[in-house]
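Here's a quick briefing to read with the structure open beside you. Have a look at the fold first, then come back for the notes.

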Amino acid sequence: MTISRTARSTVLAAALLTVSALAAPSPAQAASLPPACQEALLETFDKFPVVDFTVPDKAKNTMLAEVLGLSEADQQVFTEKACAAWNSWATANGQAVATDLDTRYRNAAGPVCNKFAKSSLATIKKYAPNVPAETRDLEKLAKRIWKDSMAKLAADATNADCRTAYDTAKAGW
């Protein structure tokens, strides 16, 4: 099954706002997913048109490693119903979410790791309660990936500001 490779965008999309964190999969990789999940993977970036929000490469790579390690059981949350609900919500709310992310990113103090962690977490907290109930299993998986990724980033950070930002983000969602 190729879901673990294609899941990298969907999991974080379900996490709402780190959608720009990971590269979109190729159409061939997405082919084994239900049609609505294929749409979620291939069109999520368009639905959240961020301008300034940036994900540090270390964060991208850490989250990608977590997603690629998903078990077959974890991958079962990628259902047609969950992805269709996500697509509808993302279409209706994507611009507002992107604007919020960009504003928070611009207003957060540097370094980039802090700007990313603080803006992501604040926007996730703001919008997560409004995501459709059908996406809750995706959200639970995304929360676990987020927490594990932030813990690894905090442990590996050589910059004290980054270590603090990632540690705070880990505990915050």
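Predicted model: local features only at pLDDT ≥ 70, side-chain atom pairs only at ≥ 80, totals over all residues.

The largest nonpolar core has 21 residues, and a search of the whole structure turns up 10 salt bridges.

**The cores**

- In the largest nonpolar core, the residues touching the most other members are A59, F116, W146, M150 and Y166.
- At least two residues of this core come from each of helix 4 (57–68), helix 6 (80–107), helix 7 (112–127), helix 8 (136–156) and helix 9 (160–172).
- Zoom in on Y166: leaving out neighbours within four places in sequence, Y166 is in contact with P56, A59, C113, F116, A117, M150, L153 and A154.
- There's also another core, lying apart from that one, with 13 residues that include V67, F78, L138 and L141.
- As general background, nonpolar side chains in soluble globular proteins tend to be buried together.

**Helix 8**

- Helix 8 runs for 21 residues and spans 30 Å from first C-alpha to last, close to the 30 Å expected at 1.5 Å a residue.
- Its buried residues are L138, E139, L141, A142, I145, W146, S149, M150, L153 and A154.
- Two of these, M150 and W146, are also among the residues that touch the most other members of the largest core, while L138 and L141 belong to the 13-residue core.

**Salt bridges along helices**

- In helix 4, K60 and D57 sit 3 residues apart, so about one helical turn separates them. Their side chains meet in a salt bridge at 4.0 Å, N to O. K60 is partly exposed at 28% relative accessibility, whereas D57 is exposed at 54%.
- D137 is partly exposed at 45%, and K140 is exposed at 57%.
- Over in helix 9, K170 and D167 are again 3 residues apart, about one turn of the helix, and their salt bridge comes in at 2.9 Å, N to O. Both partners count as partly exposed, K170 at 26% and D167 at 38%.
- The general rule behind this spacing is that an α-helix has 3.6 residues a turn, so residues three or four places apart point the same way.

**A salt-bridge network**

- D100, R104 and K126 are linked together in a network of salt bridges.

Note on methods. Residues numbered from 1 in each chain as written. Heavy atoms only, no water. Core = buried A, V, L, I, M, F, W, Y, C linked by side-chain atoms within 4.5 Å. Buried < 20%, exposed > 50% of the residue type's maximum accessible area, 1.4 Å probe, protein only. Helix = DSSP H or I, 4+ residues; strand = E, 2+ residues; numbered from the N terminus. Contact = heavy atoms within 4.5 Å. Expected span 1.5 Å × (residues − 1).
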